[in-house]
Amino acid sequence: MATYKPKNILITGAAGFIASHVCNRLIRNYPDYKIVVLDKLDYCSNLKNLLPSKSSANFKFVKGDIGSADLVNFLLITESIDTIMHFAAQTHVDNSFGNSFEFTKNNIYGTHVLLEACKVTGQIKRFIHVSTDEVYGETDEDAVVGNHEASQLLPTNPYSATKAGAEMLVMAYGRSYGLPVITTRGNNVYGPNQFPEKLIPKFILLAMQGKPLPIHGDGSNVRSYLYCEDVAEAFEVILHKGEVGHVYNIGTKKERRVIDVAKDICKLFSMDPETSIKFVENRPFNDQRYFLDDQKLKILGWSERTIWEEGLKKTMEWYIQNPDWWGDVTGALLPHPRMLMMPGGRHFDGSEENKSAPYASNNSNQTRMVIPVSRTSTSGSPRKSSLKFLIYGRTGWIGGLLGKLCEKQGIAYEYGRARLEDRSSVLSDIQNVRPTHVLNAAGITGRPNVDWCESHKTETIRTNVAGTLTLADVCREHNILMVNYATGCIFEYDSTHPEHSGIGFTEEEKPNFIGSFYSKTKAMVEELLKEYDNVCTLRLRMPISSDLNNPRNFIYKISRYNKVVNIPNSMTVLDELLPISIEMAKRNLRGIWNFTNPGVVSHNEILEMYKSHVNPNFTWVNFTLEEQSKVIVAPRSNNEMDASKLKKEFPELLSIKESLLKYVFVPNKKV
């Protein structure tokens with residue numbers, strides 16, 4: 001039997017449950033293999049699952065979606081991938097009944113993208129496609145021989161149907177293009193790291209909390225369970241010894257009724273099964289039994305090693321030691337959770353007893369979860385219905401901070417996935433999320449600075465003008481307030497607003513700075529947004545935060561410049577003002593607002609504070625505006641903005657120098 005030896009392996013979905021165990025095993029056992037991990041970090045993925053591999057020289061993590069053809073092609077070529085182990089998929093049956101299109105997109109389209117990339121690059125020597133025993137459909141209750149690899153595929157739910165569809169594509173690419181494919185179909189897997197929407201971790205976590213264990217139907221459904229490390233070993237064997245064009249069942253002959261699993265967990269926790277097991281409404285369709293013939297894999301040398309009692313005890317002990325691994329998973333522990341599968345978070349729409357419940361946000365170490373909460377507070381008073389924010393600009397500095405603020409304040413939120421200039425995708429976001437407010441922090445500011453916009457004018461227009469207007473227009477159609485994080489870099493000192501005069505530009509005044517193309521686009525879109533009565537425009541300037549290691553922080557920038565222009569400017573301390581922007585959304589404030597701290601501060605004054613509080617050895621050199629103009633492409637805006645309108649609405653707002661001290665320099669004080 002020939003043994004295959006890969007060099008560079010791409011594992012999709014490796015921050016998920018099964019794939020993470022496979023990845024960690026290969027990293028541990030084969031230091032000469034390079035392992036590249038591709039995962040979009042969906043709700044059931046967690047980077048902590050890959051901690052054993054993180055520091056290994058042969059490990060590389062890439063955050064991304066298998067649905068991105070450009071990304072997949074790029075990785076295959078640049079990483080010289082010769083082997084793909086394709087685990088990435090939506091897998092939870094309950095979800096597939098409520099979000100079936102997402103299953104088609106991820107499981108079928110995502111697989112198709114991978115296959116096409118393999119065909120185009122022509123360098124793949126093994127493509128291992130991970131499927132499921134559920135593609136066979138139900139096994140007869142009295143069958144003594146399990147489904148073998150040539151059995152007919154008869155899926156019974158949207159999840160298994162999409163996995164069967166993906167298998168057909170894999171087979172077709174193997175036959176039509178000679179792609180060296182291998183398919184696996186496995187029984188249920190359990191063990192550490194599993195997201196608790198699945199039966200065993202859900203029951204363990206509920207038992208840890210002393211809560212009832214919900215069983216769909218009467219609990220007579222039969223399943224077979226394999227411990228995760230045994231399954232990881234099976235993939236190790238298939239990788240090296242599996243034959244191209246073949247299918248391998250990964251199974252066990254040991255079957256258990258769901259109610260017996262619940263009773264075994266009750267026994268581990270010394271709980272009375274009579275009072276601790278609760279029967280709930282069944283799924284729309286719940287296969288009675290899956291039973292596999294695993295002889296073909298055993299011929300390759302694999303066999304199950306972990307007995308049920310040992311594996312279940314190990315799993316229980318892991319969850320007891322790591323109760324917060326997944327953050328707050330209250331929503332997943334419901335009898336019938338539904339996940340609204342959007343990138344970057346866990347979004348539960350609840351179960352049958354919570355269909356009309358409001359939502360609250362809870363912190364998670366890895367992703368965000370929105371879970372149903374009761375209609376009353378702890379005091380018994382009725383809760384008001386929750387806000388829900390749709391945020392654009394997830395990968396940007398402001399957008400990222402807004403998400404953290406929403407988590408801190410318990411505001412339900414989701415990040416938009418649309419490109420703003422694409423009206424249909426924006427509309428899809430609005431219809432899917434149904435937000436009460438939209439916060440737009442998306443936009444092009446330049447890479448690494450606004451000079452970039454001078455040579456990329458159409459891209460800048462597309463995002464800053466067309467995209468912003470499209471979003472405002474769709475929001476107006478749906479009667480939604482849009483908070484637009486804009487810029488005050490549309491003004492410059494002039495004869496009526498001279499430097500050091502204390503006379504700032506007001507919200508009503510027309511922009512007068514046209515020195516950079518970036519500023520032109522921002523001034524243009526601000527003028528057009530005046531026609532929309534559903535927009536709140538916030539003009540930020542030179543944003544500063546307490547995170548002095550963030551390259552986008554103005555203090556980070558000027559503390560690393562070779563030379564600094566010394567000129568007073570209005571600025572925005574994000575630690576103080578971003579929470580105010582959330583409050584403005586709650587108050588449904590509209591119109592244009594100068595979103596800066598009152599007053600001005602010069603660049604030298606900031607650096608003096610930096611030297612006094614952070615680095616006593618810091619030195620810097622000044623140069624003039626004329627000298628600066630010789631080393632930059634586009635002129636920079638310098639101005640004072642009148643923040644009296646904002647100060648009147650929020651009297652507690654600190655002046656710029658007070659705010660810098662309180663929120664930035666005192667927390668970072670080192671001297």
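Colleague: What is the mean pLDDT of the protein, and how many of its residues reach 70 or more?
Modeller: This is a predicted model. The mean pLDDT of the protein is 86, and 88% of its residues reach 70 or more.

Colleague: Which stretch has a pLDDT below 50?
Modeller: Residues 339-385 do. In the model this stretch still has 142 contacts beyond near neighbours in sequence. Where pLDDT is low, the predicted coordinates should not be read in detail.

Colleague: Why is α16 called roughly parallel to α17?
Modeller: Helix α16 (residues 457-477) packs on helix α17 (residues 517-529) at an angle of about 20°, and their axes are 10 Å apart. Angles under 35 degrees count as roughly parallel, and therefore α16 is roughly parallel to α17. The crossing of the two helices is right-handed.

Colleague: Which residues make the contact of α16 with α17?
Modeller: From α16 they are Lys457, Thr460, Ile461, Asn464, Val465, Thr468, Leu469 and Ala472. From α17 they are Phe517, Tyr518, Thr521, Lys522, Met524, Val525, Leu528 and Leu529. Ten of the residues in this contact are nonpolar, four polar and two charged. Lys counts as charged, and Lys457 of α16 and Lys522 of α17 are among the contact residues.

Colleague: What makes the contact of α14 with α16?
Modeller: Arg423, Val426, Leu427 and Ile430 of α14 meet Thr470, Leu471, Asp473, Val474, Cys475 and Glu477 of α16. The residues divide into six nonpolar, one polar and three charged.

Colleague: What makes β7 and β11 the edge strands of their sheet?
Modeller: The sheet is open, with three strands in the order β7-β9-β11 and mixed pairing. Strands β7 (188-190) and β11 (255-257) each pair on one side only. On average, neighbouring strands of the sheet are turned by 50° against each other, direction ignored.

Colleague: How do you know that β7 and β9 pair?
Modeller: A pair needs at least two bridges, and β7 has three with strand β9 (residues 222-227), in the parallel sense. Tyrosine 190 stands opposite tyrosine 227 in β9.

Colleague: Which helix lies across β9 and β11?
Modeller: Helix α9 (residues 258-268) does, running at about 85° to β11.

Technical notes:
Residues numbered from 1 in each chain as written. Predicted model: local features only at pLDDT ≥ 70, side-chain atom pairs only at ≥ 80, totals over all residues. Heavy atoms only, no water. Helix = DSSP H or I, 4+ residues; strand = E, 2+ residues; numbered from the N terminus. Axes fitted to C-alpha atoms, helices over the stretch in contact; angles between N-to-C directions. Contact = heavy atoms within 4.5 Å. Parallel < 35°, antiparallel > 145°, perpendicular 65-115°, else oblique. Left-handed = near helix turned anticlockwise from the far one by under 90°. pLDDT = per-residue confidence, 0-100.
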